[in-house]
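Thanks for coming. I will take one structure and go through some of its helices, strands and single residues. Please have a look at it first.

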Amino acid sequence: MRPLSAAGALLAAAVLSPAFLPAHAAPAKLHVGSGVREALATGERVRVLVGRRDTGAGTATRPAGLEVVRSLSSGRILSGWLSPAGLAGLERDESIGAVVLDRVVHPAGQVGVAQIGADQLLAAGVTGAGRTIAIVDTGIDLFHPDFSANASGGSRIVGGWNFADGNADVYDCDGHGTSVAGVAAGAQGIAPQASIVALKVFGARDGCKGALASDVLAAVDWALERREELGIDVLNVSLADDRVRAGFCDSEDPVSARLFARARAEGLAVVAASGNSGQLASLSWPACHSDVVSVGMVYSAGQGPNSWDGANECSDPVTGPDVIPCVSNGGPALSILAPGVRWVAPTAGGGRHTSFSGTSAAAPAAAASLLLSRQVAPFADPVLSADFLRLTGVPVTSNRTGTTTPRVDVGAAFVSASPFNGPCERVAASGTSRGAVVCRTVITALVGKVSSLAVALSLERPRLAGLTTLLTGPDGTTVRLLDGPALVGSVFREVIGRTVESDEPLSLFAGRPAAGTWTLRVEDGDDPAESRLTSWALVIEPEAPLPARPAEPPTRLLPTITRNAGIYGSFFTTDLVLFNPDDRASADVTLSFLPSGRSHDIAATVNLSLPPLSTRVLDDVVGNAFRTTGFGPVHVSAPQDVVVASRTETTKAGGGSYGLLVPAVGPEGAIGALDPSAWLAPISRPGVSRVNAGFVEITGAPASVELLVRDRRGSVKGRLTVDLDAFESRQINDVHRSAAVAATPEDLFEFRVLSGSGRVVAWATAIDNGSNDGLLDTASRLRRDAYLPAAARSRGRFGSHFRTDLKLANPWPSPVNLRVSYYPSKGDGPFQLILSLGAWETHLFEDALSSLFGLSDDSAGALRLTVLGEAPGIVASSRTHTEGSSKSCGFAVSVLENAEAVAGERIALTFLSSSAGTRTNLGFLETLGAVTRVRVSLLDVAGARLAVRELLLGRYEAVQWNDVFAEMGATPRENASALVEVLDGGAVIAHAIRVDNLTNDASFLPGRVLSPTLPRPLAAR
């Protein structure tokens, strides 16, 4: 799915008012935290945290009576010494919202990879590589071998700071931080290839015995400011103060709550130990905050009776897997449990020990599990990621209280369908209806009927007994989840259907549609201060897809989709989109997935129906629709005009994605033993990128295929052969390494079927090692006249600078002359030149608009490639990309033939999106040399027209609309489609380019001509 931002996933306005006071407090009154007045009454100065109401001009001035030691969060939070007289000054200062004590925290205490399923992710290649966990603690042993240390220091320790002493010395002053980091990311930890940032909050002030809350908050603030630079995805705090709270402590400490809310809004997951006070229903700070993931502990194995020493001495007469130790704090506000006893953890000085136990050990186990989960499914809201682990966790019941809490099982999350949530709004009471918070989510990724479901719900309310909660499915079925439960306290944080039973059985949803709009209604009366919803999420397990044996070639083929780990920390998933452009009839579609490496004659099959003009988005289609993992082709059975497209992507820590659109291929794209060779010209950079190749048989017969690697002069320098059974697919990772040859930029791949009656589609994907961004080209025959509809040498948004590389090859024993025509989207043109390619020559033209045409920045348009003379054709490919410091990203532009629509025809486009994370550009090119009118209709997923606009194209004119929603004056949408109607004049090619705003990576999607006339050679038009 495409989860909403943190602000959209909960009732943000109800969490903290603009003055970040409780919603019912008078906004002008200063919030004075517990203990502040009492401490000042002694006449001594007190260390405090001060929070401002806003970030206006007042943040530049320092409040009278406060000796500021540290400024956090761009001046929103101040830490310092407050005098008795200073409190009165703060109460008169309208810019100040709250003052609380700067509390002291201590290590939360001093086992379990297989117990929580992390071994399954490690075996699948999900190891935390490419992501970073920040450890707020006593420091770290920089030279410990468990962190891949070498003579110059720990190679996986990528940064840090000492907040206690104000310097860069992060060496461990106690050993606790090293052990915490080892559980999370040591050699035997949960995420053994994750990078580590050491944020030291203990120091020389008191001999490494305690840390100030302000130093902890400064560490969180530091991590937020450097999150993208260091790839920080999760922050662990295995620290706790000496107090406990029965509910959430946001209203008690709104200063800290504001920073943790900011961390959530910006996508940083904060995990904290619940504390080791043996409290049955209370948590320590900072675990008590609603936006922090609080973690208690369980045993991993039986060890006989066990006693716990310390101030809260207690004994467990019985131990065993998932028994909760008596010392672990718990209660209704607790998020999750994790193994916390007898971890084998590194110690400062280079050794290991087996006695690291406590919620200090459980928290990094949960934090690293969260990091692995977010490597697979990086939801924008980290609390949704935590709720996902709660929804898929193992219910563990306390033998002391009888309450149940999920124990993390990241392996179960790995194979689960996605969680879903959505925005919430407050609905006032009307008639007999009570006031309520109403939340909705629209699910399109699941196919078929509901098998089972569970709901994670977290809220705070002064009195839980009057709480009523309802869930309504797409077909109108409504189930009462809660009806005045007999609960005490102020916090309800449960998984309905897992840790507590619903009032009416959730099985009432079984057999009913999974896709559609789901609505959660939390009734809380008329007073908006009565209830505060902090998170909700829904996991639905759909019925299993049907196994089916492919019987005939598909009408169309998606060569490869995936849910699979790659190298360099990548984890690839595929989103699939279907668009029915028919405005009168529904379209029935069958999708069959044949995972590579498994029984290739049995496919997971799903059926769905597309209403007229509707768009269906199947996010993470392998996991959600086909309910499996791996990679392979999808056979599509659908009416000819249905548009089928897919985007395979990998995400980065901090948000954003790198990916490629994989176009659907018709049966005509396959070749057999009697056909001429097909060709691939992947654009790659030796040393900084790699090239994979794939093959799939589509007719149900065996075939033997060969891939030749040719150098720039056509000589064969590498050869690979693959035998395919009926409908089988195979992939060769890193072709050059597999063929034991050196890669060069001018390499050309020849693909041919040697024997067998099968027909095969081949493709190649060039992948950047730094970004894991891919460029996919399907094998094609030689072309005499074709278009590259998008080429650029221009600056984009967010610091991007795009340029186009063009690769041309002449796999023919005679030279060929080629006319290259450039049609700019603005300014004079077109431009033309003649190129000559020698016999078997391959040439890469880097920055083609500059190297071929001498154009400067701010140039964009289309290229036409026309072979002169009798040569059978050329091979062409292009890559438009932007460079970063150690990586690049971009998109392959399809070389199009017979892709024009003439008067009376239409072009369909999908995968259009405009949001904070993405933008979509549309491009048009007139190709027949006549003034042409087109009409563009933008459609939402249900087929409703969002906007309509006409465009007049001059002869051979190229036009690009940047951000089609803004261009057409339409409200931004996550997913939409478009129809381009050619009204009169010449012929038009249309395409879409979808750009990720956070990474500047783009994906190219050519338009599909609907109900086309008979193909005509371009040169004859």
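Predicted model: local features only at pLDDT ≥ 70, side-chain atom pairs only at ≥ 80, totals over all residues.

Residues are numbered from 1 along each chain as its sequence is written, and side-chain values use heavy atoms, with hydrogens and water left out. As for the labels, helices (H or I, at least four residues) and strands (E, at least two) are DSSP runs, numbered from the N terminus.

Let us start with helix H5, residues 176-185. How many of the residues of H5 are buried? Buried means under 20% relative accessible area, exposed means over 50%, and partly exposed is in between, with a 1.4 Å probe and protein chains only. For H5 the count is 10 of its 10 residues. Among them are His176, Gly177 and Thr178.

H5 packs against helix H9, residues 359-376, at an angle of about 35°, and their axes are 7 Å apart. Axes here are lines fitted to C-alpha atoms, for helices over the stretch in contact, and angles run from 0 to 180 degrees between N-to-C directions. The crossing of H5 and H9 is right-handed. A crossing is right-handed if the near helix is turned clockwise from the far one by less than a right angle, and left-handed if anticlockwise.

Which residues make this contact? On the H5 side they are His176, Val180, Val183 and Ala184, and on the H9 side Ser360, Ala361, Pro364, Ala365 and Ala368. Contact means heavy atoms within 4.5 Å. By class, the contact of H5 with H9 has 7 nonpolar residues, 2 polar and no charged. Ala, Val, Leu, Ile, Met, Phe, Trp, Tyr, Cys and Pro count as nonpolar, Asp, Glu, Lys and Arg as charged, and the others, Gly among them, as polar. A general point about spacing: an α-helix has 3.6 residues a turn, so residues three or four places apart point the same way.

The crossing of H6 and H8 is left-handed. Leu217, Val220, Asp221, Leu224 and Glu225 in H6 meet Ser256, Leu259, Phe260, Arg262 and Ala263 in H8. This contact of H6 with H8 has 6 nonpolar, 1 polar and 3 charged residues.

Now two aspartates. Is Asp215 buried or exposed? Asp215 lies in helix H6, and it is buried, with a relative accessible area of 2%. Leaving aside neighbours within four places in sequence, Asp215 is in contact with Arg70, Phe163, Ala164, Val201 and Arg205. Asp169 is found in the loop between strand E10 (157-162) and H5. Asp169 is partly exposed, at 43% relative accessible area. Residues up to four places away not counted, Asp169 touches Asn162 and Lys200.

On to the strands. Strands of a sheet pair through backbone hydrogen bonds, either parallel or antiparallel. Here two strands pair if DSSP finds at least two bridges between them.

Strand E37, residues 603-610, has 6 of its 8 residues buried, so it is largely enclosed by the rest of the structure. Strand E36 (residues 587-593) pairs with E37 in the antiparallel sense over 7 bridges, and Ala587 stands opposite Leu610 in E37. Strand E33 (residues 546-548) is also joined to E37, by 3 bridges, and the two run antiparallel. There, the bridge partner of Pro547 is Ala604.

Last, an open sheet of 5 strands, in the order E62-E61-E64-E59-E67, with antiparallel pairing. Strand E62 (945-953) and strand E67 (1008-1010) stand at the edges with a single partner strand each, so one side of each is left without a neighbour in the sheet. The twist averages 25° from one strand to the next. Strand E59 (residues 906-912) and E67 are joined by 3 bridges, and Arg906 stands opposite Leu1010 in E67.

That is the end of my part.
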